[in-house]
Amino acid sequence: QVQLVESGGGLVQAGGSLRLSCAASGSIFSINAMGWYRQAPGKQRELVAGITSGGSTNFADSVKGRFTISRDNAKNTVYLQMNSLKPADTGVYYCNVDAVAGIPLKNLKVWGQGTLVTVSS
C-alpha cells in the first residue's frame with residue numbers, strides 16, 4: 001500500500017557530507033510524521049531525526065547542529081542532510097513514515113529497506 005525508496009548512502013570521509021532521500025508512493029491519503037533512524041553494528045535502532053506534517057523537527061543529541069531534516073510534501077519525500085560526519089555516524093539508515101493509506105484507509109507505519117552510510121576516519 002505504501003512503498004518507500006531510499007537513496008543517497010555511501011562511503012565518505014570524516015568531516016564530509018551526505019544527503020539521504022526517501023520517497024513514498026502508493027495509495028497514500030496523507031503522510032503525518034516522517035523520520036530517519038539508524039542502526040550501527042551491534043546496536044539497537046535509534047531515532048536520528050523526525051519531522052511532522054507541520055514542519056516541526058527533532059534530532060538525536062548526537063547529531064544536533066550537524067544534520068538537518070526536511071520534507072517535500074508535494075513529492076512525499078523526506079531528506080536528511082548530514083554534515084560534519086563522524087565515524088560514529090556509520091550505520092544503516094532507515095526511513096520511517098506514518099501514513100494514512102489504502103482502501104479502506106488505515107494508519108500505517110512503514111519502513112524503508114535501509115541505506116548504508118560508512119564514515120571512514
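Modeller: Contact means heavy atoms within 4.5 Å. The model is predicted, and local features need pLDDT of at least 70, side-chain atom pairs count only at pLDDT 80 or more, and totals for chains, interfaces and linings use all residues. Residues are numbered from 1 along each chain as its sequence is written, and side-chain values use heavy atoms, with hydrogens and water left out.

Colleague: Among contacts between residues at least 6 apart in sequence, what percentage joins residues at least 24 apart?

Modeller: The count takes contacts in the protein between residues at least 6 apart in sequence. Of these, the share that joins residues at least 24 apart is 56%.

Colleague: How many helices and how many strands does the protein have?

Modeller: Helices (H or I, at least four residues) and strands (E, at least two) are DSSP runs, numbered from the N terminus. The order from that end is β-β-β-β-β-β-β-β-β-β-β. The totals are therefore zero helices and eleven strands.

Colleague: What radius of gyration does the protein have, and why is it described as compact?

Modeller: The radius is taken over C-alpha atoms, and the globule rule is 2.2 Å times the number of residues to the power 0.38. For 121 residues this rule gives 14 Å, and the protein comes close to it, so it is as compact as a globular protein of that length. The C-alpha atoms fill a box of roughly 50 × 25 × 20 Å along the principal axes. The radius of gyration is 14 Å.

Colleague: Is leucine 18 buried or exposed, and at what relative accessibility?

Modeller: Buried means under 20% relative accessible area, exposed over 50%, and partly exposed in between (1.4 Å probe, protein chains only). Across the protein, 41% of the 121 residues count as buried. Leucine 18, in strand β3 (residues 18–26), belongs to the buried class because its relative accessibility is 15%.

Colleague: Which kind of aromatic pair do tyrosine 37 and tryptophan 111 form?

Modeller: Rings of Phe, Tyr and Trp (its six-membered ring) pair if their centres lie within 6.5 Å; planes under 30 degrees apart count as stacked, over 60 as edge-to-face and the rest as tilted. This rule gives one aromatic pair, with centres 4.9 Å apart and planes at 65°, so the class is edge-to-face. The pair joins distant parts of the chain, 74 residues apart: tyrosine 37 in strand β4 (residues 28–39) and tryptophan 111 in strand β10 (residues 106–111). With tryptophan 111 partly exposed at 35% relative accessibility, the kind of pair is edge-to-face.

Colleague: Which residues does the cis peptide bond join?

Modeller: Proline 104 is found in the loop between β9 (91–101) and β10. Omega is about -5° for the cis bond, which joins isoleucine 103 and proline 104.
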